[in-house]
Structure formats: structure tokens, C-alpha cells
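Biologist: Could you take me through a close look at the salt bridges in this one, and what surrounds them?

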Amino acid sequence: MRSVHEKMQDSDARVLLLACGALAKEILTLLEINNWNHMELRCLPAQLHLTPEKIPAAVEEVVLTSKGRYDEIFVVYADCGTGGALQSLCEKLGVRMVPGPHCYSFFDGNEAFLKAQETEFTSFFLTDFLVRQFDAFVWRPMGLDRHPELRDVLFGNYTALVYLAQTDSPELDELAQAAAKRLGLAYSRRFTGYGDLATELSVLA
């Protein structure tokens, strides 16, 4: 059986990237700047993160209906709150996935993120996507638009908001600072670029 690298030498070899919708912009950017034309992106709704127990079933459906049409299927999710269920599923289906607990970790670099947790364990993290979609994925789902008093219940044990930035955008930096202020948290920004996501996708190049 040929390795993934050997398959990628074929001009007609295709890779399906089955990804979380929250990563679409970053993945499309990486495909464009690296000219990875043999990779095809398909995204599942980012809203699945609000019910992570549904992620494995959604991934399984696409993998099963897509197998045989691609030389490789790569699941561009980390564990994302599935409690190991997604990793077990991918092993059963014989497909790879991005390692790490969540996108905060692999954007920062899994090793760097783990080390930072020694001092950032009371931090709340945002990525470019979550900064843009703060109301849709944080403020409203947590009921803070209707019950602002929940802020102390939900975020009382947090001390800081850390914006893990994939891009250098003053506009997003301003929005992230505003989110920190709304949550009553200290603010810091750390530029990560695409971190381990770029590394993992480059293996398929």
C-alpha cells in the first residue's frame, strides 16, 4: 500500500479536508498561499461547537460518504470537547485528525499552549474567528445578552482574556479588547499565526 506522500505525487491525487467551519478562513488562506490545489475543503457548521457531542456523528457521515473518492481524508478538528470520542472514531475509520484538545491549542502550538497553562489556567481564549463571532458564539449562547448578571457566575473564576491572533489586524485587536472589557477581564494578545494547523496540512502537500 502506498504512503500518503507517495499518493500525493500523482497529479490527480486528491485530499479532502473535513473541517470545522470556524477554521474555514484560515484553511482557505493556507491553501491559497501555498498553492495546495489538490486539497478540497468541506466544512461542517461551526455551531456544532455548541453541542460537541454531535461532532463525531457529523464527521462520520461525511467520511463514510466520501471514502473512495479521495486519496486521503484529513479531519481538521482537534478533540473540541468530544471527550476523546472524535479521536476514537477517526482511528476506527482510518483517518487522521489534528492533534490537540482544541483550536486554541494547535494555533498556539500544542507544546507551547500546554506550557503556558502553568500560568494561564484562569484565562479565557479567543481566536480570530471567535473575536469576529463573539456575540454569536459566546455572548448570546451563554445568555449574557438577556441576563448580564450571569457574567459573575460564568466568568468569576477567570482573570484574563487572551486573544490568540492568527492575523495582524488592528480591527480584531480592538474587538477583542472590547470583549475583554464586557467580560470584566484583563486583556492580552499573542500572535500565533496558523501554528500547528499549517504544519499538519503541509504534511499532505
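**Charged pairs up close**

Modeller: D152 is exposed, with a relative accessible area of 54%; exposed means over 50%, buried under 20%, and partly exposed in between, using a 1.4 Å probe and counting protein chains only. Bear in mind that this is a predicted model, where local features need pLDDT of at least 70 and side-chain atom pairs count only at pLDDT 80 or more, while totals for chains, interfaces and linings use all residues. Residues are numbered from 1 along each chain as its sequence is written, and side-chain values use heavy atoms, leaving out hydrogens and water.

So what does D152 pair with? Its salt-bridge partner is R151, with the closest N and O atoms 2.8 Å apart. A salt bridge here is a side-chain nitrogen of Lys or Arg within 4 Å of a carboxyl oxygen of Asp or Glu. R151, at 18% relative accessibility, counts as buried.

D145 and R146 meet in another salt bridge, at 3.0 Å from N to O. D145 is partly exposed at 37%, and R146 is exposed at 52%. By this rule, the count comes to 9 salt bridges.

Now for R96, whose salt bridge goes to E200, with 3.6 Å between the closest N and O atoms. This pair links distant parts of the chain: R96 sits in strand β4 (residues 96-97) and E200 in helix α11, 104 residues apart. Helices (H or I, at least four residues) and strands (E, at least two) are DSSP runs, numbered from the N terminus. R96 is partly exposed, at 33%, whereas E200 is buried, at 17%. E72 joins in as well: E72, R96 and E200 are linked in a network of salt bridges.

Helix α11 (195-202) is also among the elements covering the buried residues of α2, with contact meaning heavy atoms within 4.5 Å. Those buried residues of α2 (residues 24-34) are A24, E26, I27, L30 and L31.

L154 is partly exposed, at 38%, and makes a nonpolar surface patch of about 260 Å² together with M142 and V153. Patches take residues with over 30% relative accessible area and no salt bridge, joining like charges within 9 Å and nonpolar side chains (Val, Leu, Ile, Met, Phe, Trp, Tyr) within 5 Å; the areas come from the Shrake-Rupley method with a 1.4 Å probe, and for residues only the protein chains shown count as cover.
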